[in-house]
Amino acid sequence: MSAETRLVDVIVPVYGAFSATMHCLFSVLGARCRARFEIVVVDDASPDPALAAALDELAASGRITLLRNAENLGFVRSANRAMRLHPERDVVLLNSDTEVFGDWLDRMLAAAAGERVATVTPFSNNAEICSYPRFVKDNAEPLEIAPAELDALFAEVNRGATAELPTAVGFCMFVARACLNQVGLFDEERFGAGYGEENDLCLRARAAGWRNLLAGDVFVPHAGAASFGDAKRARAAAAWETLTHDHPDYAGEVARFIEFDPLEPLRRRIDVERVRRHDRAGTFLLVTHNREGGTEQHVADLTRRIVAAGGDVLIARSAGGTGRVLRLESPSLEVPNLPAFDVRGEPDAFAEALGVLGVVHLHVHHLADFPPEAADFLRLAAARAGIPYDVTVHDYFFICPRINLVDSSSLYCGEPGTDGCARCLHEGGSEFGRPPIEDWRARYDRFLRAARTVFVPDAEVAIRLGRYFPGLAFAVRPHPEPVPLRPLRGAPPRSAPAADGAPVHRRVGLIGAIYPLKGSRQLLHCARIARERGLPLEFVVVGFSDIDDELREAGVTITGGYAQDDLDGILAREPLDLAWFPSVWPETYCYTLSAAIRAGLFPVAFDIGAIATRVRALDWGLLLPVTSFFDPESVLEALLTAPLAPFPAGAPVLDEPYPSFIEDYYALASRSPRAAAQ
């Protein structure tokens, strides 16, 4: 029977909820379907007189057929009553907290046209195994696209697509009359409480040779079990017990279906198309690790700026135990089904996906959680896609598998040359094992030289890297920060000298996550000595450390973790006299130094890395020789006697370290790699 001549009962049991019910009914009445249908509403003794009156009015106008129960019978008996009304018709059972769009019924019937199809279920935001975008989840948060547009997208992208299901989901379920004639209606005796009845029907149908299908081209939003209220959990548990008793293989089958997730390709098509349609001025793919810290902060800042400038962003991270899987995510869209790629495989599929997703540029920030093959994978994929890529250096991963140029003593290694590096790796290893250091550097030499631009946040980083990658050009660009990089207020109040002329009591702040690389052991040694000698020094970690308990025992105050956006306010409230940066490796930037500058806190640091070059460029602060790593006495003396000068009025600090960063980024990205090199 064709869609034009077929007559279908769309059955809507209602219990209350005036607004949702009327919204549902008017969406069905307003749908543009070729199929002929009759709306059968079962008023299950609704206590809402306004709803009852509205249903009476619709029935009197001939727009619905109204069945009214004298007493509440529950969903199962109400649905069975409606399905018996026209024993020759197929039916669609539709919850009153749903909404339908366009030619939804035509698409449902097209999916049902196959051989021995018992039931058809559409996608929904809240439909267990048929949920989108997240599988087996209640996707309660709205997406960037309206439900009607999303349904139209399903209709376009998944046109005619179906998939086998172990069971239908009852919020919106087509049921073939021929199947009902063979296996019967819902089991009122065993599932009369109103949960699990559709699963039982589907399993009986399958046992009789029928199939349950998903209509991959239909999306019906569903508020979710409003008719069951607080009783849902108890009814679901009872229904599950009955189902698994009557159908002992069902639990295992559903578990296998969830494990293998055969619907993922259909969801993925929608995610990809949403990304494509959201693209405004080109999509930038930022590749990074899964760790916290400065790299993650920079990626977040860059993402905000690209979006504000009219572009879109995707993030690529590693996944899986080996890290070999590259997964894509969007900071602005809920798209959990985007494709994944094996970085140890051929890059052709990834190159093709870059084009499909509208990616115009790659920006690699870190590869620490990927296997080493990821560098060549990304380089070749970008070349095959004809897309340039940039690299921003955040540490020394490209020259040392230990990442931060520290040896087994957890201090700066001094860069002992190729043979010394090989010995260090042999003795101490790394999280990447003990790779030959020449092979490691050769791999990343290929990777960096193929990049359009290699950004470094400090001139000292360019000099250091240049010793390992001679002739490679670096673009020195301080990390753009979201707030002005200058004091936001005057100098903090200083503690007054004691009446007897004793030294001023000083509160020394250490900002952020203070781990061994950030000098937690140096802090512990200094704090213990200061406490033993009664020195007028108080140490405050504005953040946390890897040895909080030991530091507290030594008299150090630990304020605890904080949200990045709250840091300036915390430093404004905390009466600190200076900021100490005891990092024991040559850092490449240091966001917490920026926070100290904004707070007007006099900085004290070891004379190594970008912290030192930034302090020296300001001509404000105190730099200690690296030999002080091992000399807490000299550190304490410096902290006690540092001049604590106010921030110099003429210091070369900008409101924005690189004001044209995004403009340049876009201008460069629009060129070919060859043009950029020229």
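The structure is a predicted model. The count of aromatic pairs comes to 25. The largest nonpolar core has 82 residues. Six strands form an open sheet with parallel pairing.

**Aromatic pairs**

- A pair of aromatic rings is described by two values, the distance of the centres and the angle of the planes.
- Of the 25 aromatic pairs, one joins Tyr589 and Tyr591, with ring centres 5.3 Å apart.
- The planes of Tyr589 and Tyr591 stand at 70 degrees, and edge-to-face means over 60, so this pair is edge-to-face.
- Tyr589 and Tyr591 are both buried.
- Trp620 and Phe647 form another edge-to-face pair, at 4.9 Å centre to centre and with 80 degrees between the planes.
- That pair links distant parts of the chain, since Trp620 and Phe647 are 27 residues apart.
- Trp620 lies in the loop between α22 (609-618) and β22 (622-624).
- Phe647 lies in the loop between α23 (632-641) and α24 (661-669).
- Trp620 has a relative accessible area of 3%, so it counts as buried.
- Ring pairs also build a cluster from Tyr389, Phe397, Phe398, Phe432, Trp440, Tyr444 and Phe447.

**Charges over rings**

- Arg614 places its charged end over the ring of Tyr589, 4.1 Å from the ring centre.
- Tyr589 therefore has two ring-side partners here: the ring of Tyr591 and the charged end of Arg614.
- The charged end of Arg116 sits over the ring of Trp210, 4.1 Å from its centre.

- Strand β7 spans residues 172-175, and both of its faces are covered.
- Cys172 and Phe174 are buried on one side of β7.
- Strand β4 (residues 90-94) runs antiparallel to β7 and is joined to it by four bridges.
- Leu94 has Cys172 of β7 as its bridge partner.
- Strand β5 (residues 117-123) also runs antiparallel to β7, joined by two bridges.
- Val120 stands opposite Phe174 of β7.

**The open parallel sheet**

- The strand order is β19-β18-β17-β20-β21-β22.
- β19 (557-558) and β22 are the edge strands, and each pairs on one side only.
- Strand β21 (residues 602-606) pairs with β22 in the parallel sense, over three bridges.
- Ala605 stands opposite Leu623 of β22.

**Helix α10**

- Helix α10 covers residues 250-260, and its residues Tyr250, Val254 and Phe257 are buried.
- Seen down the helix axis, the buried residues of α10 fall within an arc of 60 degrees, so they line one face.
- Glu259 and Phe260 are exposed, on the face of α10 turned away from the buried side.
- Asp261 follows α10 and has a positive phi, near 45 degrees.

**The largest nonpolar core**

- Which residues have the most contacts inside this core? They are Met83, Trp104 and Phe186.
- Leaving aside residues up to four places away in sequence, Phe186 touches residues including Phe75, Val76, Ala79, Asn80, Met83 and Leu93.

Definitions and conventions. Residues are numbered from 1 along each chain as its sequence is written. This is a predicted model: local features need pLDDT of at least 70, side-chain atom pairs count only at pLDDT 80 or more; totals for chains, interfaces and linings use all residues. Side-chain values use heavy atoms; hydrogens and water are left out. Rings of Phe, Tyr and Trp (its six-membered ring) pair if their centres lie within 6.5 Å; planes under 30 degrees apart count as stacked, over 60 as edge-to-face and the rest as tilted. Buried means under 20% relative accessible area, exposed over 50%, partly exposed in between (1.4 Å probe, protein chains only). A charge sits over a ring if NZ of Lys or CZ of Arg is within 6 Å of the ring centre and within 35 degrees of the ring normal. Two strands pair if DSSP finds at least two bridges between them. The arc is that of the directions from the helix axis to the C-beta atoms. A nonpolar core is a set of buried Ala, Val, Leu, Ile, Met, Phe, Trp, Tyr and Cys residues joined through side-chain atoms within 4.5 Å. Contact means heavy atoms within 4.5 Å.
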